[in-house]
Amino acid sequence: VQLQASGGGLVQAGDSLRLSCLASGRTFDRYITGWFRQAPGKEREFVAVISWIGSTQYADSVKGRFTISRDNAKNTVYLQMNSLKPEDTAVYSCAAGSLFSTQTKNFNYWGQGTQVTVSS
């Protein structure tokens, strides 16, 4: 599976962005897909994950503001980010794996990141 993330940008606090993760290669709709982020000087952290049947889980820091969804017909997973905060600034990456997990070690395929910058 090859993954390509897009949709990042520079926004102001309170704005919204929608990230997309386009997959190609093997049967994408059978994979668990997650979004992770890494801020400068910090470790990569879990943001959200969605199973192939639509079950979801979120990090506490984004719960109620971010929504992960998938369109298997388009081989795409989305991350709708609302009410963005400066602390959401990071490089966001999508990943795919076979386990419903919040841990990076359980994701075998990674896309390149897309930068999200939220100004105050």
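Four salt bridges were counted, a salt bridge being defined as a side-chain nitrogen of Lys or Arg within 4 Å of a carboxyl oxygen of Asp or Glu. The structure is a predicted model, in which local features need pLDDT of at least 70 and side-chain atom pairs count only at pLDDT 80 or more, while totals for chains, interfaces and linings use all residues. Residues are numbered from 1 along each chain as its sequence is written, and side-chain values use heavy atoms, with hydrogens and water left out.

Among these salt bridges, Arg37 pairs with Glu45, with closest N and O atoms 2.6 Å apart. Arg37 is buried at a relative accessible area of 6%, whereas Glu45 is partly exposed at 35%; buried denotes under 20% relative accessible area, exposed over 50%, and partly exposed in between (1.4 Å probe, protein chains only). A further salt bridge joins Arg65 and Asp88 at an N to O distance of 2.8 Å. Arg65 lies in the loop between strands S6 (56-58) and S7, and Asp88 in the loop between S8 and strand S9 (90-97), so the pair ties together parts 23 residues apart in sequence. Both Arg65, at 11%, and Asp88, at 1%, are buried. Salt bridges with shared partners link Arg37, Glu45, Arg65 and Asp88 into one network.

Strands, taken as DSSP runs of E with at least two residues and numbered from the N terminus, pair if DSSP finds at least two bridges between them. Four strands form an open antiparallel sheet in the order S1-S3-S8-S7. Strands S1 (2-6) and S7 (66-71) are the edges, each pairing on one side only. Strands S3 (residues 17-24) and S8 (residues 76-81) are joined by six antiparallel bridges, and Leu17 has Met81 in S8 as its bridge partner.
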